[in-house]
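Dear colleague,

Please find the structure below, handed over for your records.

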Amino acid sequence: MAFFQFLLGVVVASLLWFVLLLYTTLKAKARASSSSEATDCNKIIIVGAGVAGAALAYALGKDGRRVHVIERDLDEPKRIAGEVLQPGGYLKLIELGLEDCVNKIDAQKLFGYVFYKDGKCTKVSYPLEKFDSDVAGRGFHNGRFIQRMREKAASLPNVKLEQGTVTSLLKEKGIVKGVQYKNKRGQERTAYAPLTIVCDGGFSNLRRSLCRPKIDIPSYAVGLVLENCELPLANHGLFVMSDPSPISFYPISSTEIRCLVDIPGQKVPSVSNGEMSQYLKTMVAPQISTELRAAFITAIDKGNIRTMQNRSIPTAPNPTPGALLMGDALNMRHYSTAGGMTVALSDSVVLRDLLRPLGDLNNASALCKYLESFYILRKPVASVVNGGASILYTVYTALPDPVGKELQQIVFDYLNRGGRVIDGPVAALACLNPHPWILLLYFFPFAFYVFLRLLLPFPSPKRLWNAARLVLAAIVIIFPIIKSEGIRQTLFPVTIPAYYRATRLMKTQNTIRDV
């Protein structure tokens, strides 16, 4: 009996020892894994896998970085915006090696726009004569495009694409060390890296940790999909200068046309009780060209009406060691220039080039100081698209008086002139030649043209007053836009010390210790 008790004790003790050893070993491995992850000088976490996140993940992965992308929902997005890529955006896709992402998604080439007002049309084409035949704008389903980029990023062995919701940034003594998130199963997880890039979209829950946002909502967009119809000119979008604000049409596949109706203000008619359908049929449909009107009414009757806030968020970063903000989480503008994706892709190119010469990212304070140059180097594209969107939306939105109607007619006639007068600003807004000075060089001659037109046929006191009022309005439009973008950063970037940090490091191609 005593022998059996002794034998049982030995077995129990052995089992306890084995369990303790196993626990200790697993804990040590977990600690080692966590320590290795936290000290991996080459790793980058990207929060969000939209246009900016997926493009950047692929670009950094191709450069040999270990990239961990955490995206809230990896299913194909269903959006009513982000469906037009400007020609300059396609050039950025080529720089990133992602140009094939517009293939196999039924994307449609765009060579310009047709402007429509009161039954008359005028064509405005992109100045593409100096580019290869494949360079053009593209219209497509946003979700299909994003899924293609996600697939490209996930195909790289050093890129990990995971579905999860980031709940917070992990900070230690003011330095971001990584993120806390819930995985697809709802389990709490942590991930560590010397640099976390937040690009989780316009409704970012991490934005306020990294910037000082001033969010403005000037209007709402109402989206419909038209079928079995054709635009006035093949491979061209349609821009209707309507009252009280513009309507856009563009192809998103070989059989579908997206319609976006802008409704100014903070409130929109209700979709659920039929107010929106009534508004679209009575207020919008009569202003649309006859070729599209029947398809427009049919789309309304199908009931698949979607609305979206148009958000304007100027760039106001709060440099934080260990983290960087980009994409719509950092900066948004009205969709009138269709430049959002182009800005995101351009930002991805800028950030990739800044990070390319860096081998070790562990010096958080020096890295943060160095990456301040990102916010300067992104300005040529971002400020032109942001400024152009604000200017165009203000001009295209009819003022509630006869002068506003006359202004719209003058704008239409100005576009109808074509030639070099139009090619410059069109090239800038298409991001083929993005430079902030171009907006000024073409904006003020246009304002002078408006001034002269308002004086015709005879400069009466009333016409002088209206002309002076509109010139003053032009000044009120342009200068707040430049101020919001930063006058020095936008027009005189070489006067900003951060502008030179990237240049110095690119020359050393080593570390950032001396920056």
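**Findings: aromatic residues, sheet and cysteines**

Tyr 375 is buried, at a relative accessible area of 12%, where buried means under 20% relative accessible area, exposed means over 50%, and partly exposed lies in between (1.4 Å probe, protein chains only). The model is a predicted one, in which local features need pLDDT of at least 70 and side-chain atom pairs count only at pLDDT 80 or more, while totals for chains, interfaces and linings use all residues. Residues are numbered from 1 along each chain as its sequence is written, and side-chain values use heavy atoms, with hydrogens and water left out.

For the protein chain as a whole, the secondary structure comes to 16 helices and 17 strands; helices (H or I, at least four residues) and strands (E, at least two) are DSSP runs, numbered from the N terminus. Of the 515 residues in the chain, 51% are buried. Among contacts between residues at least 6 apart in sequence, 73% join residues at least 24 apart, a contact being heavy atoms within 4.5 Å.

**Aromatic pairs**

The structure holds three aromatic pairs. Rings of Phe, Tyr and Trp (its six-membered ring) pair if their centres lie within 6.5 Å; planes under 30 degrees apart count as stacked, over 60 as edge-to-face and the rest as tilted. One of the pairs is formed by Phe 115 and Phe 239, and is tilted, with 5.4 Å centre to centre and 45 degrees between the planes. Phe 115 belongs to strand S5 (residues 112-117) and Phe 239 to strand S13 (residues 237-240), so this pair ties together parts that are 124 residues apart in sequence. Phe 115 is buried at 9% relative accessibility, and Phe 239 is buried at 4%. Another pair, Phe 374 with Tyr 375, is edge-to-face, with 5.3 Å centre to centre and 70 degrees between the planes. Phe 374 is buried, with a relative accessible area of 0%.

Phe 374 is also in contact with Val 350, as is Leu 377, when neighbours of Val 350 within four places in sequence are left aside. Val 350 lies in helix H8 (residues 340-355) and is itself buried, at 14%.

**The seven-stranded sheet**

An open sheet of seven strands runs in the order S10-S9-S8-S2-S1-S11-S17, with mixed pairing; two strands pair if DSSP finds at least two bridges between them. At its edges are strand S10 (188-192) and strand S17 (323-325), each of which pairs on one side only. Within the sheet, strand S1 (residues 43-47) and strand S2 (residues 66-71) pair in the parallel sense over five bridges, and Lys 43 has Arg 66 in S2 as its bridge partner. Helix H2 (residues 51-62) lies across S1, S2, strand S8 (159-172) and strand S11 (195-198), running at about 165 degrees to S1. Axes here are lines fitted to C-alpha atoms, for helices over the stretch in contact, and angles run from 0 to 180 degrees between N-to-C directions.

**Cysteines**

A search of the whole structure finds zero disulfides, a disulfide being a pair of cysteine sulfur atoms within 2.5 Å. For Cys 259, the closest cysteine sulfur is that of Cys 229, at 9.8 Å, which is too far for a bond. Cys 259 is buried at 0% relative accessibility, and Cys 211 is buried at 6%.
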